[in-house]
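The sequence and model are shown first.

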Amino acid sequence: MVIAVVLVLGPSVDAAPKYRIIDLGSLCGDEPTCGANALGINNLGQVVGEADSDCGGRRAFRWQNGAMTDITNQPCYVLSSAWDVN
């Protein structure tokens, strides 16, 4: 399980920032041994990182609008990671 803290900016710059904690899920369903690491987040709330996969090994992912997507364009068992998003 990977959890990210998302900064939600309000209409006033002077107001204190608001945060939400969101469970991003994983690439291998509800398997208890699955893990993931969130490594980057942008101002749109998109999160990238690496996660265990049903395909095998660690795969680069992008989380957006409640869905985690494997963004590795390689065969299974190829290790990949995403470190930043802009």
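## Basis and overall composition

The model is predicted: local features need pLDDT of at least 70, side-chain atom pairs count only at pLDDT 80 or more, and totals for chains, interfaces and linings use all residues. Residues are numbered from 1 along each chain as its sequence is written, and side-chain values use heavy atoms, with hydrogens and water left out.

The protein chain contains zero helices and six strands. Here, helices (H or I, at least four residues) and strands (E, at least two) are DSSP runs, numbered from the N terminus. In that direction, the order of elements is β-β-β-β-β-β.

Of the 86 residues in the protein chain, 37% are buried. Buried denotes under 20% relative accessible area, exposed over 50%, and partly exposed in between, with a 1.4 Å probe and protein chains only. The accessible surface of the chain is about 5,700 Å², and carbon and sulfur atoms account for 53% of this surface. These areas come from the Shrake-Rupley method with a 1.4 Å probe; for residues, only the protein chains shown count as cover.

A contact requires heavy atoms within 4.5 Å. Among contacts in the protein chain between residues at least 6 apart in sequence, 31% link residues at least 24 apart.

## The four-stranded sheet

Four strands form an open sheet in the order β3-β4-β5-β6, with antiparallel pairing. Strands β3 and β6 lie at the edges with a single partner strand each, so one side of each has no neighbour in the sheet. On average, neighbouring strands of this sheet are turned by 30 degrees against each other, direction ignored. The axes behind such angles are lines fitted to C-alpha atoms, for helices over the stretch in contact, and angles run from 0 to 180 degrees between N-to-C directions.

Two strands are taken to pair if DSSP finds at least two bridges between them.

| Hairpin | Bridges | Residues between the strands | Positive phi |
|---|---|---|---|
| β3 and β4 | five bridges | five residues | G45, near 85 degrees |
| β4 and β5 | six bridges | five residues | G56, near 110 degrees |
| β5 and β6 | four bridges | two residues | N65, near 50 degrees |

Individual bridge partners locate these pairings along the chain. A38 has G49 in β4 as its bridge partner. Q64 faces A67 in β6.

Strand β4 has five of its six residues buried, so this strand is largely enclosed by the rest of the structure.

## The nonpolar core

Which residues make up the largest nonpolar core? This core has nine residues: I22, L24, L27, A36, V47, A51, F61, W63 and M68. Two or more residues each are supplied by β2 (18–25), β4 (47–52) and β5 (58–64). A nonpolar core is a set of buried Ala, Val, Leu, Ile, Met, Phe, Trp, Tyr and Cys residues joined through side-chain atoms within 4.5 Å.

## The disulfide

One disulfide is found in a search of the whole structure, where the criterion is a pair of cysteine sulfur atoms within 2.5 Å. The disulfide joins C28 to C34, with an S to S distance of 1.7 Å. Both C28 and C34 are buried.

## Three loop residues

S26 belongs to the loop between β2 and β3. Leaving aside neighbours within four places in sequence, S26 is in contact with C34 and M68. The C-alpha atoms of S26 and T69 are separated by 9.0 Å, although 43 residues separate the two along the chain.

Not counting residues up to four places away in sequence, S53 touches L27, C28, R59 and D70.

N65 is found in the loop between β5 and β6. This residue is exposed, because its relative accessibility is 73%. Its phi, near 50 degrees, is a positive value in a residue other than glycine.
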